Amino acid sequence: MNNDLWLFGYGSLIWKADFEFVERCPANITGWARRFWQGSHDHRGTPDAPGRVVTLIDAPDEHCAGMAYRIAAPQVPTVLAHLDYREKNGYDRVETNTTLSDGRTVSALIYIANPDNFAHLGDADEQTIAQQIHTSNGPSGANRDYLIELHHALIELGAVDNHVARLFELVDLMGQNQQLPGS
Ligand code: BEZ
C-alpha cells in the first residue's frame, strides 16, 4: 500500500486504462491546463502528417480534471514500462499534487510533453488546430475520434474544459459540412 503509485490521466488515460490498477477515482490537479499542443506521429497521425493530442501547460489559476489510478507496488515497474512505451512520443513523467473526488490528496505521476520535445507543436488558432485534428489519422485511429472520446469522457466526469469543448464544436461542424451534398 505504501509503495503503491498514483497516476493521474488527463487525456486518453481517462478512458483507456490498458494496465492493471487496484483503484480508480475522478480527480483534479491545480496549476495546469490541458491543451492540444503536442504532435502525434505514432498514434493519431504520422511523421509526415502529425495529429494533435493533449499535454499540460503551466496555468497557475486553473484546474484540470481527469482520472487517478492507484497501481499496486508490485505492478508499478510493468505498468510504467508499458506507459513509457505507449507515450514515447515526447512525454516525460513528473509528480504533482492531486485531489481525489473523495477529498483525499495524493502525489500522482503525470505524463507531460514539455515544449522542448521533438514532437511539440504548440499553440495555434482554434480553426487551425481543429482542421489538423479533423484531417489527421494514425495507427491508433482518427485524430477526431480521440477528441470526441476525450470530450465525452470529460462530460461523464462532469468536468468543464472550454478548450476541448470549443475544438469539439469546430471539428463536429467540419464533419457536418463535409457531409453536405455537393460539397
Ligand atoms: C493522459 O491521459 O494523462 C496522457 C495520455 C497520453 C499522453 C500523456 C498523458
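# Note on the ligand site and selected residues

1. Asn117 is buried, at a relative accessible area of 12% (buried: under 20%; exposed: over 50%; partly exposed: in between; 1.4 Å probe, protein chains only). The model is predicted, with local features requiring pLDDT of at least 70 and side-chain atom pairs pLDDT 80 or more, while totals for chains, interfaces and linings use all residues. Residues are numbered from 1 along each chain as its sequence is written, and side-chain values use heavy atoms, leaving out hydrogens and water.

2. Asn117 sits in the loop between S5 and helix H2, which covers 126–135 (helices, H or I, at least four residues, and strands, E, at least two, are DSSP runs numbered from the N terminus). A polar atom of the Asn117 side chain lies 2.8 Å from the backbone nitrogen of Ala119.

3. An oxygen atom of the ligand lies 2.8 Å from a backbone N or O atom of Tyr10. For Gly11, the distance from a backbone N or O atom to a ligand oxygen is 2.7 Å. Leu13 likewise places a backbone N or O atom 2.8 Å from an oxygen atom of the ligand. The ligand taken alone exposes 260 Å², and the protein buries 97% of that (Shrake-Rupley areas, 1.4 Å probe).

4. Gly9 counts as buried because its relative accessibility is 0%. From Gly9 to Ala27 the C-alpha to C-alpha distance is 8.9 Å, for a sequence separation of 18 residues.

5. Which side chain does Asp161 meet in a polar contact? The partner is the side chain of Arg34, at 2.7 Å (N or O atoms within 3.5 Å; within protein, one able to donate a hydrogen and the other to accept it; sequence neighbours count only if both atoms are side-chain atoms). A polar atom of the Asp161 side chain also lies 3.1 Å from the backbone nitrogen of Val164. Asp161 is placed in the loop between helix H3 (143–157) and helix H4 (162–178), and its relative accessibility of 14% makes it buried.

6. Helix H3 contains Leu154. Leu154 is buried, with 3% relative accessibility. Leu154 and Ala165 are eleven residues apart along the chain, and their C-alpha atoms are separated by 9.4 Å.

7. Helix H4 holds Gln176. Is Gln176 buried or partly exposed? Gln176 counts as partly exposed, because its relative accessibility is 41%.

8. Leu109 is part of strand S5, residues 105–113. At 7% relative accessibility, Leu109 is buried. The C-alpha atoms of Leu109 and Glu23 lie 15 Å apart, and the two residues are 86 residues apart in sequence.
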